[in-house]
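User: Hi! I'd like to go through this model with you, a piece at a time. Could you start with one of the helices?

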Amino acid sequence: MTTRSHADECRNCQQVVRHLATVAFPWDTTRALELALFRSFASVRIGGLLHATGEFEGRPQKRYDDTDLIVSEIIENGFDSVRGQRAIGRMNELHARFRIANEDFLYVLSTFVFEPLRWNERFGWRRMSEDERLAWFRFWRAVGERMQILGIPATLADFAAFSSDYEKRNFRPQAASRQVALATREMFASWFPAPLRPLVRRSIHALLDPPLLAALDLQPAPRWLQRTVAAALRCRARLLRWLPRRRQPMLRTRIARAAYPRGYDIATLGPAAAPRGVCPVSLDHGRTATAPALAAAERGVDG
């Protein structure tokens, strides 16, 4: 009975998350997960590693597309599907090249849980139900287990406490984190016409909270812009309540991408080999470690 209940729970959370991310809140989920990137950058070790690889600064759009496709494969197909399992396997393969502390994996996982929940509370056209929030948590908890992340908290409250404590211990300014954040911000700005890009940059800052801005060494947006951005997103939410409901899923795996004009193979997403300045070496738990560039990043030194 217990096994059957767990299996039912897994199937249910995959169905709920697919509906939330592709039908109920597709645009919101994408924006929230983009903000989650900035939270990861603010961690000294994570930001240092990402700077050391050079991927976000050298090929930001390709890095974004690959991450987006892997995550979208898992969301759209479920972590138990063939494609979902292949996407998680590819993600594990890419991560295995680097020395990444378990608590860093755990923190990044927490951003996938909490950034969409926070966004929904602030800007959703409706609030997620408690069952939906719990399904969202259970989904990413199951993904984390398949990534072999240890010690994932059993409740949302405990996970939130871990995430908050991690940020207090690991958020502090360093050049590496700032450079990765700026490269990513410029990529987002490049999606808009040149005259709008200064406003886009400042609007991104308006969506980042003060501790995160401080950790990334970014200037806060003017108060008037913070209020304007928040008001515009709340106005959008009110408008959506009156519009016809979406019926068909919006699938990010179907979006045309310049990097993959003929489609993509999950097995080749991400860098083909260890990026510049990073040399894999053996480590416990089947993971791998990086060479001096990462060691410097872990000490808070710009790699």
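Analyst: Happy to, and keep in mind that this is a predicted model. Take helix α8, residues 130-146: its 17 residues should span 24 Å at 1.5 Å a residue, and its end C-alpha atoms are 24 Å apart, which agrees.

User: Nice. Which residues of α8 are buried?

Analyst: The buried ones are E132, R133, A135, W136, F137, F139, W140, A142, V143 and G144.

User: And what about phi in Q148, which follows α8: positive or negative?

Analyst: Positive, near 65°.

User: OK, how do α7 and α8 pack, in terms of angle and axis distance?

Analyst: Helix α7 covers residues 102-123, and the two helices pack at an angle of about 160° with their axes 9 Å apart. An angle over 145° counts as roughly antiparallel, so α7 and α8 are roughly antiparallel to each other. Their crossing is right-handed.

User: Which residues meet there?

Analyst: From α7 you have L109, F112, V113, P116, L117 and E121, and they meet R133, W136, F137, W140 and G144 of α8. By type, the residues of this contact divide into eight nonpolar, one polar and two charged. W136 and R133, both in that contact, are also among the buried residues of α8.

User: While we're on α7, is N120 buried or exposed?

Analyst: N120, which sits in helix α7, is buried, because its relative accessible area is 5% and the cut-off for buried is under 20%.

User: What does N120 touch, leaving aside neighbours within four places in sequence?

Analyst: N120 is in contact with F25, R126, R127 and M128.

User: Good to know. Switching topic: how do α5 and α6 pack?

Analyst: Helix α5 is residues 60-77 and helix α6 is residues 82-95; they pack at about 150° with axes 8 Å apart. That makes α5 roughly antiparallel to α6. The crossing of α5 past α6 is left-handed.

User: Which residues make that contact?

Analyst: On the α5 side it's I70, E73, I74 and N77, and on the α6 side R83, G84, A87, I88, R90, M91 and L94. Those divide into six nonpolar, two polar and three charged.

User: I see A87 in there. What is the C-alpha separation between A87 and D265?

Analyst: It comes to 9.9 Å, for residues 178 apart along the chain. D265 is found in the loop between α13 (223-242) and β1 (281-282). As for accessibility, D265 is partly exposed, with a relative accessible area of 36%.

User: Where does L50 lie?

Analyst: L50 lies in helix α3, residues 44-53. Its relative accessible area is 12%, so L50 is buried.

User: And what does L50 touch, not counting residues up to four places away?

Analyst: L50 touches F41, E55, F56, E57, R63 and V180. The C-alpha atoms of L50 and S40, ten residues apart along the chain, are separated by 9.5 Å.

User: One more helix: how many residues of α2 are buried?

Analyst: α2 is mostly covered, with 16 of its 17 residues buried. Helix α2, residues 26-42, reaches 25 Å from its first C-alpha to its last, close to the 24 Å expected at 1.5 Å a residue.

User: Great. Before we stop, how many helices and strands are in the chain?

Analyst: There are 14 helices and two strands. The chain has 303 residues, of which 50% count as buried. Among contacts with a separation of 6 or more, residues 24 or more positions apart account for 77%.

Key. Residues numbered from 1 in each chain as written. Predicted model: local features only at pLDDT ≥ 70, side-chain atom pairs only at ≥ 80, totals over all residues. Heavy atoms only, no water. Axes fitted to C-alpha atoms, helices over the stretch in contact; angles between N-to-C directions. Helix = DSSP H or I, 4+ residues; strand = E, 2+ residues; numbered from the N terminus. Parallel < 35°, antiparallel > 145°, perpendicular 65-115°, else oblique. Left-handed = near helix turned anticlockwise from the far one by under 90°. Contact = heavy atoms within 4.5 Å. Nonpolar A, V, L, I, M, F, W, Y, C, P; charged D, E, K, R; others polar. Expected span 1.5 Å × (residues − 1). Buried < 20%, exposed > 50% of the residue type's maximum accessible area, 1.4 Å probe, protein only.
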